[in-house]
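The sequence and structure come next.

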There are 2 protein chains.
Amino acid sequence: MAQSNERRTSRRDIYLRLRQMVLTLELAPGAALSENELAASLGVSRTPVRESLILLAQEGLVQVFPKIGSFVSRVDAGQVADAQFLREAVELSSLEDLPGQLDPEIVEELRNNLERQRRPGLDREEFFALDELFHRDLMRLSGHGNSWTTVAAAKGHLDRARRLGLHGHESPAVFADQHHEILAAITDGDTPGARARMRDHLRAVFNDIERIRARSPELFASDPATVPVRRNVVVWE
Amino acid sequence: MAQSNERRTSRRDIYLRLRQMVLTLELAPGAALSENELAASLGVSRTPVRESLILLAQEGLVQVFPKIGSFVSRVDAGQVADAQFLREAVELSSLEDLPGQLDPEIVEELRNNLERQRRPGLDREEFFALDELFHRDLMRLSGHGNSWTTVAAAKGHLDRARRLGLHGHESPAVFADQHHEILAAITDGDTPGARARMRDHLRAVFNDIERIRARSPELFASDPATVPVRRNVVVWE
DNA sequence: CGTGCAGTACTTGTATGGAAGCACTTGTCG
DNA sequence: CGACAAGTGCTTCCATACAAGTACTGCACG
């Protein structure tokens, strides 16, 4: 896209880096952040760090309590459900707008993507990256690629919950199969079938979450207005 | 909601104020902003102003060009269409999840709202505020009130376009009638009817935009990568 | 008169120093 | 021993100074 337009700036780097760390659970839900610490460890001043935290706070990925502290937000079950609803509504509606003739370039890309999803020895993050691209390209097929951006921004909590779900022995192969069926229905021109399979797929993803929530409740927010805990002294190394 | 939780902070005030000014067109699309000027006129330092602009930039309501300037973003036809798609998908899907027994409190609120929409002498901003609440409450009926927040955040461009559309002699009465029909279908338990009327309503809103775009093209972005113009020297007084 | 170049006035980005506030710790007094 | 209060150390917020970069302005020169 307008890649040359966006000048490289320290804030953008830090923002993307922190965001990735939160989404991949490298920064665990509930972890305490600190402008000073982050600034020191990232080698910049507090300003770009602080501005990044503010952006992440607007996305709901961190919580900032004035004069108290900043924390990686716990996975909120309500927000997960909201993101699920939003995503389902948008992705299913998008299927209704599929054109008669699919863009062969995107279809080719989707097929390549699917093949890579089946590659053995795929690690979790690689699979998630492919999954993200797959769903985005599906929406590009119907000309709603930009709306995927909004969905992607809103589903931070959902993504973290999914990563928790795949933390164990879950295999991504099941999801890859579902992806395959969805694409098959689309290329067959079977819109109702595509809708049904897409809905089943998204719900399957969602159902995993309740399972993991029962297993690791401490990563989820119990109360919408959670009380922040003071920084636990964690000596690393 | 958690009103007492959010402490009053200078940044939050400024952010909300600027956002309102952009959405109500008090700050016209394309207008040049300046951290220094805004800070001076708002009586604070650059910091909270700057942080607010960064947030608004993430919402797409302003554009910040490093070392060049900040500008109220022009209404982007693409973003308007994206917002329309998103909103339609979410609001229509929400209707599918309506419970058998509607919350009487919300229904009552919706009825009161409708009555006020018909009050003669209603000005534009009053109508928009009521419209906003009406659609939000509709989603609350199906338990998706939180998702409205996401939609509301994404439809900034759509809202500005709508305000342009109602700048002329348009009467909100037509929309109030449509609102009435939607609510009637819902309380009758006629979900398909509600869907159809809601879709017509949202499309009617959208169609107005193309009309106004033909009339005032300068407020719309011609090119996705618009070239910012240097601040025009406007001496006031 | 046209053209190029240096100067200037502005912009946002980053760094840094208090200001204000919260929570825990510790000492003191009943 | 228990309770209360001052102290300490941390946090984020805000203000401000400087750095880096852009675009316009006006003058000199061909």
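A residue counts as near a molecule or strand if one of its heavy atoms lies within 4 Å of it. The model is predicted: local features need pLDDT of at least 70, side-chain atom pairs count only at pLDDT 80 or more, and totals for chains, interfaces and linings use all residues. Residues are numbered from 1 along each chain as its sequence is written, chains are lettered from A and ligands numbered from 1 in the order in which they are written, and side-chain values use heavy atoms, with hydrogens and water left out.

**DNA strand C**

Around DNA strand C there are 26 residues, of which Ser10(A), Ser45(A), Arg46(A), Thr47(A) and Arg50(B) come nearest. The table gives polar contacts, meaning pairs of N or O atoms within 3.5 Å.

| Protein atom | Atom of DNA strand C | Distance |
|---|---|---|
| Ser10(A), backbone N or O | phosphate oxygen | 2.6 Å |
| Arg46(A), polar side-chain atom | base oxygen | 2.5 Å |
| Lys67(B), backbone N or O | sugar or linking oxygen | 3.4 Å |

**Ser94(B)**

Ser94(B) lies in helix α4 of chain B, residues 77–96; helices are DSSP runs (H or I, at least four residues), numbered from the N terminus. Ser94(B) has a relative accessible area of 2% and is therefore buried, the term for values under 20% (1.4 Å probe, protein chains only). Beyond its neighbours within four places in sequence, Ser94(B) is in contact (heavy atoms within 4.5 Å) with Phe85(A), Leu138(B), Met139(B), Ser142(B) and His144(B).

Note on methods
Helices (H or I, at least four residues) and strands (E, at least two) are DSSP runs, numbered from the N terminus. Buried means under 20% relative accessible area, exposed over 50%, partly exposed in between (1.4 Å probe, protein chains only). A polar contact is a pair of N or O atoms within 3.5 Å; within protein, one must be able to donate a hydrogen and the other to accept it, and residues adjacent in sequence count only if both atoms are side-chain atoms.
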